[in-house]
Each structure stands twice: as structure tokens, then as C-alpha cells.
Amino acid sequence: MTLTISLNDKVALVTGASRGIGAAIADTLGGLGATVIGTATSAGGAEKISARFAEKGIAGAGKVLDVTSPESLAELLESAKNEFGAPTILVNNAGITKDNLLMRMKDDEWESVIDTNLSAVYRVTKACLRDMTKARWGRIINISSVVGSMGNAGQSNYAATKAGVAGFGRSLAAEVGSRGITVNTVAPGFIDTDMTKVLPEAQRESLMSKIPLGRLGAPEEIASVVAFLASDAGGYVTGETIHVNGGMYMA
Amino acid sequence: MSSIEERVKKIVAEQLGVKEEDVKPEASFVEDLGADSLDTVELVMALEEEFETEIPDEEAEKITTVQLAIDYIKENLG
């Protein structure tokens, strides 16, 4: 048997696609033939995505989306549908961290992380689901984190959202499986991105000592798993959380 | 232009994958036509699109038979 992954004729929406894991996912899906709408929070970020796509010969465009705003989401989907058609591959990747010990955590640090990382997954997914059920085909892939399973001091807000996303995915998978829609969660470990570059050196070293593969992951190594789940090759996987962490946490 | 009855029956048949002749006015979507809860949600969405209207959730829940769907559309578009 030969394994070919093609996403020709598919339209994919990837949130938070200006850098890091989201950028790698958008570029990988695009490289496999999908038309990609990659979102960024600013107009400058969206332009950079468009420029990157053009340079790599990827169909699609960068667009502005504030995942916490229903109005911004409605605007994005309308323009994306008019230009490219309704997305049937959705990658909920946009996320933020606002780390703090719980005893010091501000309500705003809790609420903004919940809104961006968890409520937005509800919001964007719901908005895209109607077209997927009509198409009788869809792929929803939510980017979680190893922290959602193993926990991490100072990240109670972030971890709550990442565990929440996995439970959301399992429930939705049960709801929409009969429509040919799969819902999965990909949980990256310690990946070399701007989000992990800010960690203090001592914390980086202590994390590295816990990774059997002995190195950080590359964003492309998350993107390849997402591409598999988005393709027909991954068509029988649903409701699952795939851990991609170099062995740092084995579930 | 087909009548409201015909348009509703056609959509019900399409959405639930049943024959149009089985879509009798008194037929219940769930009990007679084999719809599950997701089917009924999709059916209401399809009716909304066909008749370019929005059916509030509390009204949608009451539309359980073909006749009730026809009545709702007639009352709200008439």
C-alpha cells in the first residue's frame, strides 16, 4: 500500500497562522494542495501570511480574526466563503498564555485565556459546522497541549483550557460522526516557538531532561500530524487526543 | 412555483433520505421518518434556507411533524 496525502480541492481554516505551530500547519496543509485561510489578530500579520503563501505557491490568503469576537468571526467567514468557499477543514490553533501562580492570578488572566483558548474553539467550530454537515465531510483539529494532561505549575488557566478542548472534541466527535466529520485533538509538547522561547533557561533545561528524544520538537512535526488527521488517510481517527511530545508525557 | 406543501415535503425527503410519498402530513420526523436529533436540527436549518427565514429554537422544537412544519411556514410567511 502506498500512503499519499492530498488535500486538493479542500478549503482549510487555520487560526493563529502568523507564526509558530499555526504557521507550520497552514504551510503544510497548503503544500498538500489545500486552499488555506490563515488568520492573524492584526492586519499586518494577515498580510505577512498572504505574502508567505504567495512565496510558497500556496492558494488562499491571510485574514484578520479576533477569535474572541463573534462579529470579527462572522466577517471573516463571509469573506472567506465568498473568495474560496466554505472551509471543511478547521484547525483551531490560536492560543495565548498568561501564566501566574493561582494565588496571584488576576481574574483577567483567567478569563482572557479561557475566552481565547476555549470559548473561541466553541465559537469558531460552531460557525463552521453547518457547512461541514452539509458537505457530509469535515475535519476539526484542535491544538491542545501536553500541559492539559500533565499539568504545569503557573499554568492552571492554560491547562484548564487545553484539557477542556480535548473533552469538547470527544463530545463533538460523538455528535457529528454520522455526518462524516471527525474531531481530534493534537497535544504538542515542548516545541521550538516564540511561546516557549520566553521560558527561563533553567526551566528549559529541566524540561529537556524529561524528554526521551532529547530535543525540542519542530513546528513542522506538529503540522505533519495535523495533515494526517485532515486527510483521508486519517479518516477513521476521531475523538482522539494525539500526543506529540518526544516522549515527555506518555498517556 | 411549487406550493409550500410541496417544497416542505421535498426538503424533508431530501434531508431524511426518505421517499417523497412517505412524507405524509401526519408523519412524525422522529417516529415515522427515522430522524435523530441531529437530523431534526439539520431539517430546520434546511427549511430556514429554503424559505429565507429564521426559526427561533423554541419554535423549532415544536415542529415535530410534516404538517407542523407546513403550518409554521404558512403562518410566518403569510
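Predicted model: local features only at pLDDT ≥ 70, side-chain atom pairs only at ≥ 80, totals over all residues.
**Ground rules.** Local features need pLDDT of at least 70 and side-chain atom pairs count only at pLDDT 80 or more, while totals for chains, interfaces and linings use all residues. Residues are numbered from 1 along each chain as its sequence is written, chains are lettered from A in the order in which they are written, and side-chain values use heavy atoms, with hydrogens and water left out.

**Interface.** I looked up contacts (heavy atoms within 4.5 Å): eight residues of chain A touch seven residues of chain B. Together the chains bury about 620 Å², 34% of it on carbon and sulfur atoms; buried area is the accessible area (1.4 Å probe) lost on being put together, summed over both parts. A:Arg130, A:Lys134 and A:Arg179 supply 69% of what chain A buries there.

One pairs B:Asp39 with A:Arg179, closest N and O atoms 2.5 Å apart.

**Sheet.** I then traced the open sheet of chain A: seven strands, order S3-S2-S1-S4-S5-S6-S7, parallel pairing. Strands here are DSSP E runs of at least two residues, and helices are H or I runs of at least four; pairing takes at least two DSSP bridges. S3 (60–64) and S7 (241–244) are the edge strands of chain A. S4 (89–92) and S5 (138–143) of chain A pair over four bridges, and A:Leu90 stands opposite A:Ile140.

Definitions and conventions: Buried area = accessible area lost by both parts, 1.4 Å probe. Salt bridge = Lys/Arg side-chain N within 4 Å of Asp/Glu carboxyl O.
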